[in-house]
Amino acid sequence: MTITHADTARTPVPTQSTYQSRVADYWNAEENPVNLELGKIDDLYHHHYGIGEADRSVLNEPDPGRRRDRVTGELHRLEHAQAELLVSHLGDLSPTDRVFDAGCGRGGGSVVAHLRYGCHADGATISAKQADFANGQARKRGIDDKVRYHHRNMLDTGFTPGAYAASWNNESTMYVELDLLFAEHARLLRRGGRYVTITGCYNDAYGRASREVSLINAHYICDIHPRSEYFRAMARNRLVPVHVEDLTEAALPYWELRREADHLVTGIEDTFLTAYRNGSFQYLLIAAERV
């Protein structure tokens, strides 16, 4: 039987703790140019960072307007490369498969997955504003029959158990308890389904969370987890890692370029660079199978 987007066990009203309500309020009010300006380039709105070598020649453009556009375009290229890397680890998907984008933001990741595999995609976000925006983008692309976004708590989606071939979080795990999150992914994934996350985590080998990690937490109203907790929580929730990749070095060029993008800086750039370089913070990709 082909599973459609309407085939959900229930449609819950998003339940929110006080903290989650603060997070929802933050994203409902968010109009950060580093998200919006980059997304306007090709209507792929990502809410994450970039990886790969940067073309720093964009900084040499003498015309201020062209320099701004070229820097914006290069940062978007790097963040799109990150999204492509994540979806490349979702496994062998077909157009009849269904995938789940947990903490989907304005929806770029679901579109990338659909364009790559032709699959159905459901995104969930605690922000009603983001869900409405993302659905508008899907309609604009003419893919709203296969890509849909829902104003739901990713810890309690109400979607059909075992209905998904793959699922992921892209820089959204730091807003929730990992056991609750991975339990929901395990519930939604079919046996052998693939879960992938790209996330910032603090390095247990460094010791406790560093000053820089605390500053990042305060900036984004989040709670960055230690690296070890990802693997412990996965083991407790039937998710077995099959690929782990340290993307820390690959993330540095993005932050180095963004620090010099006067129109996009948010003030957190040096903090990320210091945390990555002193070893207290890591950028990881973890792919796991549901057993």
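Q: Which residues of helix α10 are buried?
A: In α10 (residues 269-278), the buried residues are E269, T271, F272, L273, A275 and Y276. Buried means under 20% relative accessible area, exposed over 50%, and partly exposed in between (1.4 Å probe, protein chains only).

Q: And what covers them?
A: The cover over the buried residues of α10 includes α7 (211-220), α9 (248-258) and β7 (281-290).

Q: Why does D270 count as partly exposed?
A: D270, which is also in α10, counts as partly exposed because its relative accessibility is 43%.

Q: How should I read the numbering and the cut-offs?
A: Residues are numbered from 1 along each chain as its sequence is written. This is a predicted model in which local features need pLDDT of at least 70 and side-chain atom pairs count only at pLDDT 80 or more, while totals for chains, interfaces and linings use all residues; side-chain values use heavy atoms, with hydrogens and water left out.

Q: Changing topic, where is E79, and is it buried or exposed?
A: E79 is in helix α3 (residues 64-88). E79 is buried but has no salt bridge, that is, a side-chain nitrogen of Lys or Arg within 4 Å of a carboxyl oxygen of Asp or Glu. The nearest side chain of opposite charge, R258, is 7.4 Å away; Lys and Arg count as positive and Asp and Glu as negative, with His and the chain ends not counted.

Q: What does E79 touch?
A: Leaving out residues up to four places away in sequence, E79 touches L38, H46, H48, Y49 and G50. Contact means heavy atoms within 4.5 Å.

Q: Where does D55 lie, and what does D55 touch?
A: D55 lies in the loop between α2 (33-39) and α3. Not counting residues up to four places away in sequence, D55 touches R70, E74 and R77.

Q: How confident is the prediction?
A: The mean pLDDT is 92, and 92% of residues reach 70 or more; pLDDT is the predictor's confidence in each residue, from 0 to 100. Over residues 1-8 pLDDT stays under 50. Where pLDDT is low, the predicted coordinates should not be read in detail.

Terms used: Helices (H or I, at least four residues) and strands (E, at least two) are DSSP runs, numbered from the N terminus.
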